[in-house]
Amino acid sequence: LAAGASQVVTVTVQVQSAPAPATGSYYYTLTATSSGNTSRVSSVPLALTVLQTYALTATVSPSYQATDPGQAATFTVSVSNGGNGPDTITLQKAGVNQSWLSFTSGSATVAAGATTNLTVTATSPSWADVGDTVLSVLAVSGGDANVSSMATFTLSLNSHYEFSLTAAGGNVSGGHRNTTYVVSFLLHNLGNQQDTYAVSVT
């Protein structure tokens, strides 16, 4: 530079995208040294703040499980944090038959780059139709509610036969010989298949 002149110096600082640096403040110094007199040095301290990014990936294991209606089936939901800082994730029920699902613990804090496992239990009614049902859970970021990951899994229900038999009235008291009494019973099919019952009196 000419004596008394000044010039704007542009310095480009690039934050790498992969792997992303951890969220936080990074400090650096910009230093200028005179070539005419190297003892003449001027420095400016600067700070760069890296904001947190959020990314989740959820999977379920096993992806398929067969069970009887009314019986509990346990699945493991694995949630990976692909962001650059810790994130408290929450599991939510999604899709069809949400009432079948329950969580032992529905949330966890996951470090950047780490994976946590959560348990989901699926319990259908005893009368639920035989066959496959696709169930879903949604992992939602605590730092950014717009970031989530859906995971699906299949619960296959077997044929199930179950019933109950209860007396509709009370016991017959004060009965007389040579007299006919009618006693009613309620027969309830609690299974998921049509069934025929043989009723006998002993």
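**Entry 1: Asn97**

I began with Asn97, which lies in the loop between β6 and β7 (101-103); strands (E, at least two residues) and helices (H or I, at least four) are DSSP runs, numbered from the N terminus. The model is predicted, so I kept in mind that local features need pLDDT of at least 70, that side-chain atom pairs count only at pLDDT 80 or more, and that totals for chains, interfaces and linings use all residues. Residues are numbered from 1 along each chain as its sequence is written, and side-chain values use heavy atoms, with hydrogens and water left out.

Asn97 is not a glycine, yet I found a positive phi of about 50° for it. Most residues other than glycine have a negative phi. I noted Asn97 as partly exposed because its relative accessibility is 31%; buried means under 20% relative accessible area, exposed over 50%, and partly exposed in between (1.4 Å probe, protein chains only).

**Entry 2: Pro62**

I next looked up Pro62, in the loop between β3 and β4 (64-67). A cis peptide bond joins Ser61 to Pro62, with omega about -10°. Most peptide bonds are trans. Pro62 has a relative accessible area of 34% and is therefore partly exposed.

Which residues does Pro62 touch, not counting those up to four places away in sequence? I recorded Thr74, Phe75 and Phe153, where contact means heavy atoms within 4.5 Å. The C-alpha atoms of Pro62 and Thr154 are separated by 8.8 Å, although these residues are 92 apart along the chain.

**Entry 3: the aromatic pairs**

I then turned to the aromatic rings. Rings of Phe, Tyr and Trp (its six-membered ring) pair if their centres lie within 6.5 Å; planes under 30 degrees apart count as stacked, over 60 as edge-to-face and the rest as tilted. The count by this rule is two aromatic pairs. Phe75 and Phe153 form a tilted pair, at 4.5 Å centre to centre and 40° between the planes. Phe75 lies in strand β5 and Phe153 in strand β11, so the pair ties together parts that are 78 residues apart in sequence. Phe75 is buried at 0% relative accessibility, and Phe153 is buried at 1%.

**Entry 4: the nonpolar core**

I looked up the largest nonpolar core and found 25 residues in it. Such a core is a set of buried Ala, Val, Leu, Ile, Met, Phe, Trp, Tyr and Cys residues joined through side-chain atoms within 4.5 Å. The residues with the most contacts inside this core are Phe75, Val79, Val137, Phe153 and Leu155. At least two core residues come from each of β3 (56-61), β5 (72-81), β6 (87-94), β8, β9 (115-123), β10 (131-141) and β11 (148-157).

Leaving aside neighbours within four places in sequence, its contacts include Val60, Val77, Leu101, Phe103, Val120 and Phe153.

Is Ala108 buried or exposed? I noted Ala108 as buried, at 16% relative accessibility. Ala108 is in strand β8 (residues 107-110). Beyond residues up to four places away in sequence, Ala108 touches Asp87, Thr88, Ile89, Thr116 and Leu118. Ala108 and Asp87 are 21 residues apart along the chain, with 8.3 Å between their C-alpha atoms.

Ser124 sits in the loop between β9 and β10 and is buried, with a relative accessible area of 4%. I listed Pro69, Gly70, Trp100 and Leu157 as its contacts, leaving aside neighbours within four places in sequence.

The strands β1 (24-33) and β2 (41-50) each supply at least two residues of the patch. Tyr28 lies in β1 and is partly exposed, at 32% relative accessible area. Ser42, in strand β2, is partly exposed at 47%. Ser42 touches Leu30, Thr31 and Ala32, not counting residues up to four places away in sequence.
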